[in-house]
Amino acid sequence: MPLPFLRVSSLSAIALLGAGSGLATVVALRWKPAEAALAVIAGLLAFSANCHPWYLTWMLPLLAVVEVPALLLWTACAPLAYVTVLWWIHAGEWRGNPDLRWLVYVPVYALLAWRLVRRQA
């Protein structure tokens, strides 16, 4: 249902609210600009509906300055998604493989969780 005073859909309003709260968090935590930019880019890509492997290259210059091994692993594992394209070229049939997503995302989230647990200890 559209919000008449904003003239945007409710999903857009939720996205704007999320972006605003993310920005407020970054400002409140007083992160360095490189850390804040990396957090924003990684957050957008982690929650986006579509994340092509080349989108992750946006993080590489920031990963040279800010050490986040899980995000570096994500950029290294993401090209596995191109197996679908190779299958399409070879067989002429587009076959998205959900197992490949597990190979890309499970190690990344496991490394993030491990670092979080290690930081808490």
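1. About 560 Å³ of space lies in the second largest pocket. A pocket is an open set of points on a 1 Å grid over the protein atoms alone, where a 1.4 Å probe fits, with protein on both sides within 12 Å along at least five of seven lines. Grid points are joined across faces, edges and corners, and the volume is the space filled by probe spheres set on the points.

2. The model is predicted: local features require pLDDT of at least 70 and side-chain atom pairs count only at pLDDT 80 or more, whereas totals for chains, interfaces and linings use all residues. Residues are numbered from 1 along each chain as its sequence is written, and side-chain values use heavy atoms, with hydrogens and water left out.

3. The lining of the second largest pocket comprises 24 residues, and those nearest its centre are Asn50, Cys51, Pro53, Ala81 and Arg101; a lining residue has an atom within 4 Å of a point. Helix 2, helix 5 (83-91) and helix 6 each contribute at least two lining residues, and helix 6 gives the most, with five. By class, this lining has 17 nonpolar, six polar and one charged residues. Here Ala, Val, Leu, Ile, Met, Phe, Trp, Tyr, Cys and Pro count as nonpolar, Asp, Glu, Lys and Arg as charged, and the others, Gly among them, as polar.

4. The largest pocket has a volume of about 1,000 Å³. Its lining has 31 residues, with Trp31, Leu38, Ala39, Ala42 and Gly43 nearest the centre. At least two lining residues come from each of helix 1 (10-29), helix 2, helix 4 and helix 6. The classes here are 22 nonpolar, five polar and four charged residues.

5. Helices (H or I, at least four residues) and strands (E, at least two) are DSSP runs, numbered from the N terminus. Of the 121 residues in the protein chain, 20% are buried, meaning under 20% relative accessible area with a 1.4 Å probe and protein chains only.

6. How do helix 4 and helix 6 lie relative to each other? The axes of helix 4 (residues 69-77) and helix 6 (residues 98-120) come within 9 Å and cross at roughly 175°. The two helices are therefore roughly antiparallel (over 145 degrees). Axes are lines fitted to C-alpha atoms over the stretch in contact, and angles run from 0 to 180 degrees between N-to-C directions.

7. The contact (heavy atoms within 4.5 Å) is made by Pro69, Ala70, Leu73, Trp74 and Cys77 of helix 4 and by residues of helix 6 including Leu103, Tyr105, Leu111 and Arg115. By class, the contact of helix 4 with helix 6 has 12 nonpolar, no polar and one charged residues. Leu103, found in helix 6, touches Cys77 and Leu80, not counting residues up to four places away in sequence. The C-alpha atoms of Leu103 and Ala78 are separated by 9.0 Å, although the two are 25 residues apart along the chain.

8. The buried residues of helix 4 are Ala70, Leu71, Trp74, Thr75 and Cys77. Their cover includes helix 2 (33-46), helix 3 (60-63) and helix 6. Thr75 counts as buried because its relative accessibility is 16%. Leaving aside its neighbours within four places in sequence, Thr75 is in contact with Leu56, Met59, Leu60 and Leu63.

Methods:
Angles under 35 degrees count as roughly parallel, over 145 as roughly antiparallel, 65 to 115 as roughly perpendicular and the rest as oblique. Buried means under 20% relative accessible area, exposed over 50%, partly exposed in between (1.4 Å probe, protein chains only).
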